[in-house]
Each structure stands twice: as C-alpha cells, then as structure tokens.
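Please examine the structure shown below before reading on.

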Amino acid sequence: MAAQHQPSPEVLRALVEESTRKSSVIWLRYGDEVRARPAWHVWHDGAAYVVTAGPEADRQQGRLGEVEQHLPGLAEAETATVTCRAKDSRARLVTWRARVGHLTPRTPEWEGAAAALAGDRLNATDAAHLLERWSASDTILRLTPTGEVLEGPGRMPTDDTAVPPPDSPATTTGRLPWVVHKRARGRPRLS
C-alpha cells in the first residue's frame with residue numbers, strides 16, 4: 001500500500017484560512033467540553049474572531065435578545081480546536097488548533113475586529129448601538145491558528161466521532177396531540 005502524500009504547511013495554512021473564511025459557522029471545542037459548540041465568526045487579519053456574551057449574560061438569561069452567542073468558558077481557555085465544514089456537503093473539512101486571545105475594548109485591533117464582526121451580524125436588533133454594547137458587556141476573542149492541523153486531507157478519523165445527545169428534561173408522555181385532517185386508525189384507506 002502506497003503512503004499518502006501529506007500536504008505542505010503552506011497548503012494546510014491556506015486550507016485553514018479559506019475554509020474558515022467561507023464557513024458561516026465554526027465548531028469550537030475547548031476546556032473539558034465533550035461536544036463542540038457552534039459559533040458565528042469572521043475571518044480577519046489572519047485569525048477567526050468571535051464575540052461572546054460577557055459574564056453578565058449568565059445573570060441576565062431572560063434577556064436573550066440583548067446578548068450575543070453564549071460560549072461559556074471560551075474566554076478563560078488558552079487553546080481551542082476549531083472545526084470547519086465544507087459549504088456544499090457540510091462534511092468536516094479541517095480541524096485546527098487555535099490560541100485564544102482577548103481583545104481590549106476600543107483599541108485599534110478591537111475596532112477593526114468589531115467592525116468586521118458588525119458587518120457580518122445580519123440580525124442585530126440594535127445595530128446602531130452594537131459596538132457600544134460589545135465594548136461594555138461582551139467579549140471579542142481572537143482565535144489565532146497555531147499551525148497544528150488535527151484533521152484534514154489524508155488525516156480524517158475513520159471511527160464514528162458522534163457524541164451522545166445531552167440529557168434533557170423534555171419528554172413525551174401520554175397520548176400524542178390530536179391532529180386536524182388526520183385519518184383515524186382502523187378505517188380502510190380510500191384508495
């Protein structure tokens with residue numbers, strides 16, 4: 001059996017950048033997380049940037065219209081694994097390791113990242129005051145590629161990487177609800 005050709009570091013770096021740039025959602029795993037969390041992001045100046053709800057979001061869970069995506073623990077993590085999927089097939093394309101860095105509000109780097117993020121934030125309810133809210137209560141994080149590609153062309157896992165669904169209090173007990181225009185059981189089919 002012939003050995004598979006491994007892409008060069010330059011090709012892998014280009015794959016990470018292009019797949020992250022074109023992906024609308026990235027999947028992040030960090031800390032002790034068992035399952036990856038989806039996050040909207042923007043690729044800007046050689047890194048992926050995400051905005052996450054600040055610590056006050058934990059206390060204001062009822063006000064979800066005013067908080068950004070909830071990625072608990074990402075701000076405290078030093079590294080994260082980022083998985084990007086192909087836009088057409090939605091299959092995993094590449095998984096890479098990133099260093100997590102905080103941006104200080106109102107610095108030039110923060111302003112550039114915030115402007116790029118605000119441009120991609122299509123359903124913001126308060127677009128006029130978005131940057132003020134982000135600087136006051138949310139955190140913008142930079143996910144800088146370390147150069148380590150964990151999964152990619154020629155290095156995809158062959159086992160099932162599915163994680164069992166999380167526990168949930170949701171149940172269906174008793175009879176299912178009655179549905180209008182549903183044919184009763186036991187009656188013969190009309191055709």
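## A helix across the sheet

In this predicted model, helix H4 (residues 130-137) lies across S2, S4 and S7. Its direction runs at about 80 degrees to that of S7.

## The sheet

Strands of a sheet pair through backbone hydrogen bonds, in either a parallel or an antiparallel manner. Here, seven strands form an open sheet with antiparallel pairing, in the order S2-S1-S5-S6-S7-S4-S3. Strand S2 (37-40) and strand S3 (42-44) are the edge strands, each pairing on one side only. On average, neighbouring strands of the sheet are turned by 40 degrees against each other, direction ignored.

One pairing may be followed in detail. Strand S6 (residues 92-102) and strand S7 (residues 138-151) run antiparallel and are joined by seven bridges. Within this pair, Val100 stands opposite Leu143 in S7.

## Helix H1 and its two faces

Helix H1 (residues 9-22) also packs on the sheet, where it touches strand S1 (25-30), S3, strand S4 (47-53), strand S5 (79-85), S6 and S7. The direction of H1 makes about 85 degrees with that of S6. H1 comprises 14 residues and reaches 20 Å from its first C-alpha to its last, close to the 20 Å expected at 1.5 Å a residue.

Which residues of H1 are buried? They are Leu12, Leu15, Val16, Ser19 and Thr20. Seen down the axis of H1, the buried residues fall within an arc of 110 degrees, and therefore they line one face of the helix. The cover over these buried residues includes S1, S3, S4, S5, S6 and S7. The face of H1 turned away from the buried side carries the exposed residues Glu10, Arg13 and Lys22.

Conventions
Residues numbered from 1 in each chain as written. Predicted model: local features only at pLDDT ≥ 70, side-chain atom pairs only at ≥ 80, totals over all residues. Heavy atoms only, no water. Pairing = 2+ DSSP bridges. Helix = DSSP H or I, 4+ residues; strand = E, 2+ residues; numbered from the N terminus. Axes fitted to C-alpha atoms, helices over the stretch in contact; angles between N-to-C directions. Contact = heavy atoms within 4.5 Å. Expected span 1.5 Å × (residues − 1). Buried < 20%, exposed > 50% of the residue type's maximum accessible area, 1.4 Å probe, protein only. Arc of directions from axis to C-beta.
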